[in-house]
Amino acid sequence: MQHTLDKNNKINWLVNLACVTLLSLSGCATTSSTLKTSAIDPYEEVNRSIYDFNNSVDEYVAAPVADAYLWATPVVVQQGIGNFFNNLKDINVFFNDFLQAKFDQGLEDTGRFLVNTTVGLGGLFDIATDIGLVKHDEDFDQTMAIWGVPQGPYLVIPLLGPSTGRGVPGTVLDTALNPSSYVGVPVRALELVHLRANAKASLNTIKESALDPYVFTRDAFLQRRNYLINDGKQTAEENWEEDSDTHHPTNSATSSPDKPIKNK
Amino acid sequence: MLLLLRTKMILIWILYWLSFTPLAFAQEETAKQVVENFQNELIAVMKQGKELGFKGRYEKLNPVISKSHDLIKIARVVVGKESVKLSEEQQQKLVDTFSHLSIAAYAYNFKEYAGESFKFDSEKETKQGGTVIYTSLLVPNDKEVKFEYMLKKKGDNWKIINIIANGVSDLALKRSEYTSILERDGFEALIAKMNEKIDNYSKQ
């Protein structure tokens, strides 16, 4: 039911692992050029190859580690770990609030960080949410979008997952501003494992529901990013009627619309 | 004069009796009611989810979804321009399989209840005569999920055409998937994939 993909879950879960270059993988891509390329995803064939590679890594490495983490770690500890890393990300959030001229929200998010860092014992407890300071979701990709930087092509980055031409530098800046990037490999590894474990439900939904998991992931990711950039104010509603009216009327498909369909 | 009075009396009598007939109460559901009735039924099925099992949930949801959603229109929209390439028989097959898959997906995903509830937020009329119903799914100890229902009138009845969950449009997602598979692998492959999903759902 929930077809949302959290960018943090999907993009960041293997940020600091060994680097495999896009070029080295593009060699594995199918050279079939009979398929149409779309404006949004001009490198679809290469992207699909990297997507398959990432899935294999996920299946054989990340998923088992995340499952072991879920099995071995009490829920309270998992919540504490999640709160801790989320609190560090709030630095990035309020920084980008101000860059987007959202000053009230910036003050609120700065307050969140200060409350959780002090009263919340270094971020282990999310006291700020309990006292009504709502968590927001901002990052450099969103800031660049607000500044008018175009999205660029959809890209699947080896080990990192979905991104865009604008999202790649955005993620580099997000990572640079996150203190957990500098404290050492074990802490960063823990964050990545936690992110993957958190994304389990979303990834299972894709596996279970998607007819074409690559397209599903791409579209859910891009729609979700646009939703975050617009802060949920502008949705697909603007186009939906046009979309729903563009079908070609046919004289077939005569099933009665109001009657239950026969069970298989 | 007497004739006029008698005609008047007869008219009043007819109107009086008509007021007791079901016709007087047969008001069409508003778009909001369509969504709320659908959500109520969904929650009711979730509450009985375990006892009903997949088959029971499917049977309960089948009439509910068929009534509240315009599955024929949705099925045509998701194949987009590719629909002109399909024969009449293929289009019928697509609508049937799509309807089975949609109901099976609901029956699979809404299998248990953990205190969830829907809350109506607002509604809005669109420029082209549609209605958007904004709701939130409240999940205990978790973030709420925004659900926007897009409805259009089919005859006298409002029908759900699309659902947007936290900014992700189900219709747009499906259209990308379906058109991509049709372009890459063809119609039979699409139907095979849809049937595979239905089978997987029903085995759970």
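Here is a quick tour of the structure above, taken topic by topic. Keep in mind that this is a predicted model. In chain A we'll meet 12 helices and two strands, and in chain B an open sheet of five strands. We'll also look at the nonpolar cores, the largest of which has 61 residues.

- Chain A has a mean pLDDT of 81, with 74% of its residues at 70 or more.
- Another stretch to treat with care is residues 246-258 of chain A, where the pLDDT is below 50. Beyond near neighbours in sequence, the model has 24 contacts for this part.

**The build of chain A**

- Chain A has 264 residues, and 37% of them count as buried.
- Take the contacts in chain A between residues at least 6 apart in sequence: 67% of these join residues at least 24 apart.

**A closer look at one helix, H5 of chain A**

- Helix H5 of chain A covers residues 103-118, which makes 16 residues.
- From its first C-alpha to its last, H5(A) reaches 22 Å, close to the 22 Å expected at 1.5 Å a residue.
- Several residues of H5(A) are buried, among them Gly106(A), Asp109(A), Arg112(A) and Phe113(A). Val115(A) and Asn116(A) are buried too.
- What covers them? Part of the cover for the buried residues of H5(A) comes from helix H4 (75-99) and helix H6 (127-130) of chain A.

**The sheet in chain B**

- The five strands come in the order E1-E2-E3-E4-E5, with antiparallel pairing.
- Strand E1 (117-125) and strand E5 (168-169) of chain B are the edge strands, as each pairs on one side only.
- As a bit of background, strands of a sheet pair through backbone hydrogen bonds, either parallel or antiparallel.
- E1(B) and E2(B) pair in the antiparallel sense over eight bridges. One example to look for is Glu123(B), whose bridge partner in E2(B) is Ile133(B).
- These two strands, E1(B) and E2(B), form a hairpin with five residues between them. In its turn, Gly129(B) has a positive phi of about 85°.
- Strand E2 (residues 131-138) and strand E3 (residues 145-154) of chain B also run antiparallel, joined by seven bridges. Across this pair, Tyr134(B) stands opposite Glu148(B), while Thr131(B) stands opposite Leu151(B).
- E2(B) and E3(B) make a hairpin as well, with six residues between them. Here Asn141(B) in the turn has a positive phi of about 60°.

**The nonpolar cores**

- In the largest core, the residues with the most contacts inside it are Ala75(B), Ala104(B), Ala107(B), Tyr149(B) and Leu151(B).
- Helix H5 (residues 88-109) of chain B gives this core its largest share, nine residues.
- Leaving aside residues up to four places away in sequence, Ala107(B) touches Phe54(B), Arg57(B), Tyr58(B), Leu61(B) and Tyr201(B).
- There is also a second, separate core of eight residues, including Ala66(A), Leu192(A), Val193(A) and Leu203(A).

**An exposed lysine in chain B**

- Lys203(B) sits in helix H7 (residues 187-203) of chain B.
- Is Lys203(B) buried or exposed? Lys203(B) counts as exposed because it has 8 other C-beta atoms within 10 Å, and the cut-off for exposed is 12 or fewer.
- Lys203(B) and Lys55(B) are 148 residues apart along the chain, yet their C-alpha atoms are separated by 9.9 Å.

Methods. Residues are numbered from 1 along each chain as its sequence is written. Chains are lettered from A and ligands numbered from 1 in the order in which they are written. This is a predicted model: local features need pLDDT of at least 70, side-chain atom pairs count only at pLDDT 80 or more; totals for chains, interfaces and linings use all residues. Two strands pair if DSSP finds at least two bridges between them. Helices (H or I, at least four residues) and strands (E, at least two) are DSSP runs, numbered from the N terminus. A residue is buried if 20 or more other C-beta atoms lie within 10 Å of its own, exposed if 12 or fewer, and partly exposed in between; C-beta atoms are placed from the backbone. Two residues are in contact if their C-beta atoms, placed from the backbone, lie within 7 Å. A nonpolar core is a set of buried Ala, Val, Leu, Ile, Met, Phe, Trp, Tyr and Cys residues joined through C-beta atoms within 7 Å. The expected span of a helix is 1.5 Å times one less than its number of residues. pLDDT is the predictor's confidence in each residue, from 0 to 100.
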